[in-house]
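Okay, thanks for coming, everyone. Let's get the structure up on the screen and then walk through it together.

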Amino acid sequence: MVRYFPNPFVDFQAGSQVELNKDELIKQIDEHVSIISKRLQPTRRNIDGGLYVGITGVSYMFYYLSKNPLLSEKKTFYVEKSLEYLKPALGVSIGDKTSFLLGDAGTYALAAVIRKENGDAEYIDSLNQFKSLYNQYLNPKFLKCGGDEFFVGRAGYLAGNLWLSRELQIPILAIEELYTICDLIIASGREYSKNHKSPCPLMYHYYNTEYLGAAHGISFILQMLLSVPGYLNFNKSAAHDIKATVNYLLSLQTADGNWPCCMEEVGMSDHKLVHWCHGAPGTIYLMAKAYQVYNEEKYLNSCIKAGEVVWEKGLLRKGPGICHGVAGNGYVFLLLYRLTRDNKYMYRAKLFADFLNSDEFLRDARLPDNPESLYEGTAGTVCFLSDILVPDNAEFPFQDVFSSYVY
């Protein structure tokens with residue numbers, strides 16, 4: 001079974017201009033928002049799945065739109081809708097408290113930011129709820145399924161801290177507390193690597209699978225370790241192991257630019273998944289961060305190579321979403337545009353957006369399980385379309401590569 005539509009587009013011709021019809025993009029955003037608002041109601045029965053596929057993800061979408069300068073005339077409306085979609089999740093526990101994408105940690109982080117944006121002094125309560133989770137991550141075995149990845153583990157809590165500190169312009173945890181979590185992630189990765197004779201100093205598992213991609217895998221964990229301000233200088237032996245592991249992951253990139261889904265697939269001839277969750281479209285964020293931290297061309301070259309496999313095989317039949325859909329793969333080109341300033345990548349991002357409206361896609365793409373959600377559905381698509389309007393600010397949710405966090 002072919003997982004993607006053949007790319008029907010002629011690639012960018014050097015010297016040509018990228019024409020963006022901003023009015024048309026805004027119209028598409030408005031249409032998606034209208035459909036999402038009709039089909040996914042802000043009620044308690046829709047809170048399961050948290051930021052990933054629940055209504056808090058739609059709340060995030062509205063907040064994200066409220067920050068777009070080209071949509072400023074609707075800012076008040078977006079903030080109000082963001083609060084409306086958040087409210088059913090307040091005071092109700094979703095999934096694991098400590099899970100950022102699926103549980104309460106993400107809800108608390110989003111609530112703090114939206115309440116502050118709305119002028120609500122009670123944002124401090126939500127912030128304190130987020131901070132109060134800290135001690136639970138200190139138990140070395142706090143999750144048997146694997147407590148270090150993005151969705152439910154320590155890397156997700158780090159992502160939440162970094163996002164909160166940037167949005168609120170204040171430190172959240174003390175820097176020493178962030179370093180303690182990083183140290184625990186390092187100790188966990190070293191222990192697992194040693195016990196399983198891994199070929200690199202750090203390795204992690206999620207439900208006994210050694211994933212490499214962004215969703216549950218080592219690439220997101222390493223990206224967060226590289227993003228915590230000052231950590232590489234604070235813990236030099238950790239810094240050594242982080243870089244060695246990044247380089248090992250770099251060595252696994254295939255000739256066409258993709259990565260295996262997990263360690264079990266290393267050495268196989270074909271890696272079919274070209275998704276944010278598994279494959280090049282998620283792992284590229286680690287390589288982009290590594291390029292910024294180490295300033296070595298091999299990491300930029302890895303990103304460019306990843307972009308080629310996404311261009312060739314990234315028009316996914318799975319739907320429009322950002323986790324395993326066309327918009328998530330389109331984000332690769334917005335990242336590459338910010339890294340290189342090459343108009344080729346804006347051109348490609350625009351064409352991936354265009355494909356979402358094509359007869360072929362609308363007829364033959366699959367309907368996601370959660371069609372209006374942030375990661376699987378059109379709420380994430382809206383964030384992607386919004387970012388095409390202001391590509392210098394574009395970022396995949398909670399995975400900002402470009403900010404320097406100040407502590």
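Quick housekeeping first. This is a predicted model, so keep in mind that local features need pLDDT of at least 70 and side-chain atom pairs count only at pLDDT 80 or more, while totals for chains, interfaces and linings use all residues. Residues are numbered from 1 along each chain as its sequence is written, and side-chain values use heavy atoms, with hydrogens and water left out.

The cut-off here is a pair of cysteine sulfur atoms within 2.5 Å.

When I say buried, I mean under 20% relative accessible area; exposed is over 50%, and partly exposed is in between, using a 1.4 Å probe and protein chains only.

Now look at Cys261. The closest cysteine sulfur to Cys261 is again in Cys262, at 4.5 Å, and that is still too far for a bond. Cys261 is buried too, with a relative accessible area of 9%.

Next, the UniProt record. Which residues does the "binding site" annotation cover? The unreviewed entry lists Cys277, Cys323 and His324. These are spread over 48 residues of sequence, yet they cluster in space, with a largest C-alpha distance of 6.5 Å. A word of caution: UniProt positions are given in the numbering used here, feature names are shortened, and annotations may be inferred rather than shown by experiment.

Let's zoom in on two of those. Cys277 is in the loop between α11 and α12, the latter being residues 280-294. The helices I name are DSSP runs (H or I, at least four residues), numbered from the N terminus. With 6% relative accessibility, Cys277 counts as buried. Setting aside neighbours within four places in sequence, Cys277 contacts Gly213, Ala214 and Ala215, along with Cys323 and His324. Contact here means heavy atoms within 4.5 Å.

Cys323 sits in the loop between α13 (297-313) and α14 (326-340). At 2% relative accessibility, Cys323 is buried as well. Not counting residues up to four places away in sequence, Cys323 touches Tyr52, His275, Trp276, Cys277 and Tyr375.

On to the charges. Side chains of opposite charge can pair when their charged atoms come close. Searching the whole structure turns up 22 salt bridges, where a salt bridge is a side-chain nitrogen of Lys or Arg within 4 Å of a carboxyl oxygen of Asp or Glu.

Take Glu395 and Arg166: their closest N and O atoms are 2.7 Å apart. That pair links distant parts of the chain, 229 residues apart, with Glu395 in the segment after α17 (378-389) and Arg166 in helix α7, residues 154-168. Buried or exposed, these two? Both Glu395 and Arg166 are buried.

Then there's Asp256 with Lys313, where the closest N and O atoms are 3.6 Å apart. Asp256 is in the loop between α11 and α12 and Lys313 is in helix α13, so the bridge ties together parts 57 residues apart in sequence. Asp256 is partly exposed at 31%, whereas Lys313 is buried at 17%.

One more pair: Asp364 and Arg363 meet in a salt bridge at 3.2 Å, N to O. Asp364 is partly exposed at 33%, and Arg363 is exposed at 58%.

His216 is in the loop between α8 (175-195) and α9 (218-227), and it's buried at 18% relative accessibility. The His216 side chain makes a polar contact of 2.7 Å with the side chain of Glu149. By polar contact I mean a pair of N or O atoms within 3.5 Å; within protein, one must be able to donate a hydrogen and the other to accept it, and residues adjacent in sequence count only if both atoms are side-chain atoms.

Finally, Asn235 lies in the loop between α10 (231-234) and α11 (236-251). Asn235 is buried at 16%, and its side chain makes a polar contact with the side chain of Asp183 at 2.9 Å.

That's my tour, so over to you.

How values were computed. Helices (H or I, at least four residues) and strands (E, at least two) are DSSP runs, numbered from the N terminus.
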